[in-house]
Amino acid sequence: MGDMNVVKVEAYRNSFLKEVEANVEGGQWVKMCMQCGVCSGSCPLGSAWDHPPQELFMMIRAGKREEVLTSSSMWMCTSCYNCIVRCPRDLPITHIMHGLAHYAERLGLAPKNQPTRKFAKLFWNNLVKKGRVNELKLGVALYFMNGLVEGIKTALKMAPLGLNMLKTKRMNPLEYVGGHGIKDAAGLQAILKKARAIELAKAKKA
Amino acid sequence: MAKREYSFYPGCSSQKAASASNYQVSVNAMCDELDIKLNEIPDWNCCSASIGYAEGGELPRLALSARNMALSEKFNPGQDIVATCAACWLATRETKDRLNHEDALMKETNEALAAAGLKVAANQKVRHMVEVLIEDIGYEEMGKHVKKPLEGLKIAGYVGCQTNRPFGIDGESFENPKYLDKLVATLGAEPIENYEKKVQCCGGALAFSEPVKSQAMIKDIIEAAYDGGADMIVTPCPVCQMNVEVYQDQINAKYKTKFKMPVVYYSTLMAVAYGKSDKQAGLDGQIIKATQLEAITRR
């Protein structure tokens, strides 16, 4: 992963914008931003971003590679799509934010302790195992993602909520040992492996 | 009336004993009344919702939905794909749109699917259940089935994000969609006019990873419903439903509020108005009991 970062730095030495255009989902749209700020103003968590989308777009064009890719900003996206429907230039902003987050992750530059990054990884690994999300395992993994001590504190805090879910049969303790899944999990994993291989081969060329 | 059939994608949260299992129960009751047959896509998988991007990336993420579409084309040919979950619908529809417009992506996706002996043409429409209700059934027909009008109830139609953006429902605006309000009125209840937080984000998946920030938004969603005089909130999305219902205790503790606002699905309201039992309407799945709806089922 770190190697890929070195390769990309070498390849795009003078233009982070070109790097984003070639490597990030939706990246070819970045140059279309006219800096109106509607996206930043429309974001429900806008105030929590170090750099809201409009700023990220300008920073990409200004070559601030390290600052953009190590930022926690794009991990604040809730996928509400407000920015997409309001952007006067029709930029697929939500997808660009997801794309930036994924690219930063692939290069090993994403902030390690960013909670949504951790959760997103847990979610993916959870669903890939059996083809469907195991909500209970995901929840428990989430509580303990910052270590045992904090995990116990969180679990205690969340216990009444869990009990409510149990009482209304919206959670099943047996999910922890077995749980829902698809029949052809092996087939699904083969599909994902192939898809990842295609994507990585393209990423190396870009 | 001829039975309508659809290729059904229920999604992870709708499974037995999962967080939106009560949604599925009420959908079944509603479809039974409206003579809608849902043919579940055999062996469907998770769509990775809006949080699959980080580890998954673009092609693996889209391949998840493509596999479901491939299975649907194989086993339920000629039927529209219908999802009840907002995220399932969004992910599948995004995949369909992109496959239809990007030849290279179509080729790569089929290369990946071939690893499990599948192929996709992306030729089935992908629809949310509310589109089926509005476009195929219609308000008038939905109204004809009402046996117990929800008279006297004031209901805030919380549309949220992903059934509204980026695709939305035909003929509705992104900023003030009216379909839930129309549905509420069709069932004999009173929609809250100008419900301020109708399309406000609840935090989605970030309710798990950023609980403080998300609960601040959820608080506003509930508060605005109280301000409008609502007895309950109705939503078309399993994430909205869960986020707005289950954290009310924690929000009360933090903000010294006294929230006890039931949050139900459109299908819950319909099942009750169609004369179904508490159990059939999924009312036993309410953490905050919808006592006014229970009173109607007993009427």
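**How chain A meets chain B**

In this predicted model, 61 residues of chain A and 68 residues of chain B take part in the contact.

Q: What makes a residue count as part of this contact?
A: The cut-off is heavy atoms within 4.5 Å. By that rule, chain A gives 61 residues and chain B gives 68.

Q: How much area do chain A and chain B bury between them, and on which atoms does 63% of it lie?
A: They bury about 5,600 Å², with 63% of it on carbon and sulfur atoms. On the side of chain A, 13% of the buried area comes from A:Trp124, A:Arg170 and A:Ile191, more than from any other three residues.

Q: Why is the link of B:Glu108 with A:Lys202 called a salt bridge?
A: Their closest N and O atoms are 3.0 Å apart. The rule asks for a Lys or Arg side-chain nitrogen within 4 Å of a carboxyl oxygen of Asp or Glu, so this pair qualifies. Across the interface, the rule finds six salt bridges.

Q: Which element gives the largest share of the side of chain A that touches chain B?
A: That is α11(A), with eleven residues. Among the other elements giving two or more are α8 (115-130) and α10 (148-167) of chain A.

Q: What kinds of residues make up that side of chain A?
A: They divide into 31 nonpolar, 15 polar and 15 charged.

How values were computed:
Residues numbered from 1 in each chain as written. Chains lettered and ligands numbered in written order. Predicted model: local features only at pLDDT ≥ 70, side-chain atom pairs only at ≥ 80, totals over all residues. Heavy atoms only, no water. Buried area = accessible area lost by both parts, 1.4 Å probe. Helix = DSSP H or I, 4+ residues; strand = E, 2+ residues; numbered from the N terminus. Nonpolar A, V, L, I, M, F, W, Y, C, P; charged D, E, K, R; others polar.
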